[in-house]
Every structure is written in structure tokens, then in C-alpha cells.
Amino acid sequence: MIRIGIIEDNLDFRTELVFHLQRTGFDIAFESDGRDVDLQISKGDCDIVLLDLTLPHEDGLDIARRLRNRHPHIGIVILTERNTQEDRIGGLRQGADAYFGKPVDMRELIATIETIHRRLHRNTEKKPPRKSWSLDRRELKLTSPQGKSIPLSVNELKLLEALGTAQGSPVSRKALAAAIGCPGEDFDERRLEVTFSRLRQKIESIAQDADLIRAARGLGYLLATNLDIR
């Protein structure tokens with residue numbers, strides 16, 4: 001049975017989705033208005049998430065990106081009133097498997113859910129679980145998914161820990177500077193950039209094509225993949 005998670009703040013539309021999905025034979029794993037999404041996902045198995053973008057507590061694109069980074073085997077279907085070409089391209093680039101503008105044709109949605117589930121199930125059978133980067137705080141080292149490790153300075157460790165704790169969301173430069181001991185008026189952007197530059201060089205020494213740390217324009221930095229912090 002396909003288990004569906006629904007992230008939609010419009011109660012009437014959410015109720016309509018539940019009705020059609022349950023009538024088709026799908027199981028509803030959870031319903032959410034955008035709050036506690038990560039907690040809902042962690043509570044049980046979920047095959048596919050139906051996600052609105054215009055939510056009161058968090059932008060749906062941020063949720064899509066985080067879900068794709070942390071749960072690569074979950075299908076993501078966006079259902080939204082934001083239906084320009086740029087919106088659709090942005091949603092697909094953030095990790096969505098399909099993008100629907102409202103109003104939604106339920107027959108097409110159900111067919112899409114079934115198609116995505118078949119593809120994901122087939123890929124899960126063929127591929128071993130994907131390993132993630134890991135951060136060892138006690139030994140001050142970062143290990144790639146291929147098992148190669150690099151030693152870290154205390155400041156490099158603190159930066160990675162701050163980014164990893166944010167779970168794919170951008171962390172401001174000031175917050176990162178504070179993490180390495182430069183809070184408030186003592187904020188030293190140059191010191192921060194030098195530390196990031198050295199850290200990236202170390203990462204490239206064990207994984208040349210790695211895109212682990214990304215700059216979020218006007219916001220700060222983020223991790224582009226999941227980081228297992230030990």
C-alpha cells in the first residue's frame with residue numbers, strides 16, 4: 001500500500017485530497033499544515049509527500065529541499081497556486097518529482113503518484129542505501145561517503161556542526177561567525193571566509209567533485225547534503 005503524507009494548510013483542499021486518495025486505496029501517513037514536518041516524517045514510513053508551497057510557517061521550497069536532502073527515497077509532488085514557468089522550474093530543481101498547479105485533476109494526480117512509486121520502488125531494490133558525510137566531534141574529522149577522512153581545526157568543526165544542525169537551511173554569516181567566537185560587534189567576515197576557503201580545500205582533497213558547502217546569496221551558507229554528526 002502506498003503511504004502518502006500531505007503538507008497543505010487549506011483544510012478544505014486537504015480533506016478533498018484525503019477523500020480521493022483513500023478511495024483509491026492509498027494510506028494517509030500524516031496530515032500537516034507545514035508545522036512539525038520533520039517530526040511527522042520521522043514517526044513512520046511515508047512513500048510520497050504532497051506539498052503545498054504557500055504555507056504559513058515555512059516556504060514549501062525550503063521543505064522540498066530539506067526533504068530531498070534528508071530523505072532521498074521519498075517522492076515529492078508539489079500542489080500549488082504558484083504556477084508560473086519559473087515556479088515550476090524552481091520546484092523541480094529543489095527536488096520535486098512532479099509539479100501541479102491548482103486546481104488539480106485527481107485522476108492525473110493519482111496516476112502520477114503510482115508512476116513515481118513504481119520508479120522509486122524499482123530504484124530502491126537496485127541500489128544500496130546511500131551513505132552520507134559524517135562529522136566526528138570527538139576526533140575532529142570529516143569523513144566522505146566513500147570512507148576518506150580529513151582532520152579538522154576546531155573552527156572548521158564548529159562551522160560544519162552549525163551548518164549540519166540547520167538541516168539544509170541557510171545559516172547567516174553572523175551566526176557562523178558567532179560559532180567560531182566572533183559574535184556581535186566582533187563579527188569578522190574575512191576570518192570567516194578564510195576558514196571556509198581552507199575547509200573547502202580540505203574537502204576537495206578527498207572528494208574533488210563534492211558540493212558539500214554552498215553559498216546562499218544574501219543569506220549565508222548551507223549544506224547541500226545530509227551530515228551525520230557524531
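Predicted model: local features only at pLDDT ≥ 70, side-chain atom pairs only at ≥ 80, totals over all residues.

Which strands does helix α8 lie across, and at about what angle does it run to β8? I looked: α8 (residues 189–206) lies across β6, β7 and β8, running at about 150° to β8. My angles run from 0 to 180 degrees between N-to-C directions, with axes fitted to C-alpha atoms, for helices over the stretch in contact. Helices (H or I, at least four residues) and strands (E, at least two) are DSSP runs, numbered from the N terminus.

Residues are numbered from 1 along each chain as its sequence is written, and side-chain values use heavy atoms, leaving out hydrogens and water.

Next, the sheet. I get an open, mixed one of four strands, in the order β8-β7-β6-β11; pairing takes at least two DSSP bridges between two strands. β8 (149–151) and β11 (227–229) are the edges with a single partner strand each, so one side of each has no neighbour in the sheet. β6 (residues 133–136) and β11 run parallel, joined by three bridges, and I found S134 opposite D228 of β11. Helix α6 (residues 154–165) packs on this sheet, touching β6, β7 (141–143), β8 and β11 (contact: heavy atoms within 4.5 Å).

Last, α3 (residues 60–70). R65, R66 and R68 are among the buried ones.

Note on methods: Buried < 20%, exposed > 50% of the residue type's maximum accessible area, 1.4 Å probe, protein only.
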